[in-house]
Amino acid sequence: MTRITKAFEGNKALITFVTGGDPDIETTELLVLEMEKAGADLIEIGIPFSDPIAEGIVIQQADERALAAGCTTDKLFDMVARLRQKTEIPLVFMTYINPIFTYGKERFMAKCKECGIDGVIVPDMPFEEKGELQEFCDNHNICLISMIAPTSGDRAAKIANQAEGFLYCVSSLGVTGVRSDINMDIAGLIEGVKKVSGIPCAIGFGISSPEQAKKMASISDGVIVGSAIVRLVAQYGKESPAPVSEFVKGLKSGISTVSE
């Protein structure tokens, strides 16, 4: 059983996101450990990129801060290696296809395996082009995590059938960011997935409160919270681990009341 599979065992999984290197590598490392203590079951680490097309302004600005502070992919690999001496929580990189190609597909996945990354999410790589990375992920036992949205239509079942780790279910159209309400038929999307696959489904994009997390957990196997956390990091900088921890505790409390 993989670390990712274990994250969904016996409970609704809370998946949190931070931008690697914002405001610096040391704070990111502390944030990962504090979020785990606060109840996160799986953590996504964003590799900062100059053109993050799937991200809203909050994460775009976090990427800019991280790059300006000197964050590199190699520094994040080193950070994950240090974290693996302290924790077994599943860790996933959220990145784009360009940084992987620039680094070298084989080299990138080999480094993921070496440092202890469990999976990668590549939002700008269409499902039909996943063959660009699948072989390299398979060679190093890295989960290539797929995304679906209410607009996926008939493709959703095909994507679900080939999904690994968990299925990232996009709750709303557009880019990442905090939203006051989520109106897309995400429940219908997940219901359709469950007819063809037992893959865990986690809902992301827009979840920013314990109430929203609880609502989304009631129709899925887990929830993903990113921009709301990154916004706290922007507000508190190097002092962000404590407020982020309190926020994550609230999210975990919200979804813990939802039965399997």
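Which residues does Phe-93 touch, not counting residues up to four places away in sequence? Select Phe-93 and show its surroundings: the residues are Ile-45, Ile-47, Leu-76, Phe-77, Val-80, Phe-108, Cys-112, Ile-117, Gly-119, Val-120 and Ile-121. Contact here means heavy atoms within 4.5 Å.

This is a predicted model, in which local features need pLDDT of at least 70, side-chain atom pairs count only at pLDDT 80 or more, and totals for chains, interfaces and linings use all residues. Residues are numbered from 1 along each chain as its sequence is written, and side-chain values use heavy atoms, with hydrogens and water left out.

**The cores**

With Phe-93, they touch the most other members of the largest nonpolar core, which has 69 residues. Such a core is a set of buried Ala, Val, Leu, Ile, Met, Phe, Trp, Tyr and Cys residues joined through side-chain atoms within 4.5 Å; buried means under 20% relative accessible area, exposed over 50% and partly exposed in between (1.4 Å probe, protein chains only). Helix α2 (residues 25-38) supplies the largest share of this core, six residues. Helices (H or I, at least four residues) and strands (E, at least two) are DSSP runs, numbered from the N terminus. For the second, separate core of 22 residues, select Ile-4, Leu-42, Ala-62 and Ile-224, which are among its members.

**Helices α3 and α11**

Select residues 57-68 (α3) and 227-236 (α11): these helices pack at an angle of about 45°, with their axes 9 Å apart. Axes are lines fitted to C-alpha atoms, for helices over the stretch in contact, and angles run from 0 to 180 degrees between N-to-C directions. The pair is therefore oblique, given that angles under 35 degrees count as roughly parallel, over 145 as roughly antiparallel, 65 to 115 as roughly perpendicular and the rest as oblique. On the α3 side, pick Val-58, Ile-59, Ala-62 and Arg-65; they meet Ser-227, Val-230, Arg-231 and Ala-234 of α11.

**Asp-63**

Stay in helix α3 and select Asp-63. This residue is buried, at 4% relative accessible area. Apart from neighbours within four places in sequence, Asp-63 is in contact with Thr-19, Pro-48, Phe-49 and Pro-52. A C-alpha to C-alpha distance drawn from Asp-63 to Ile-97 spans 16 Å, for 34 residues of sequence separation.

**Ser-146**

Last, go to the loop between β5 (143-145) and β6 (147-148), where Ser-146 lies. Ser-146 is buried, with a relative accessible area of 9%. Not counting residues up to four places away in sequence, Ser-146 touches Lys-130, Ile-159, Ala-163, Phe-166, Leu-167 and Tyr-168.
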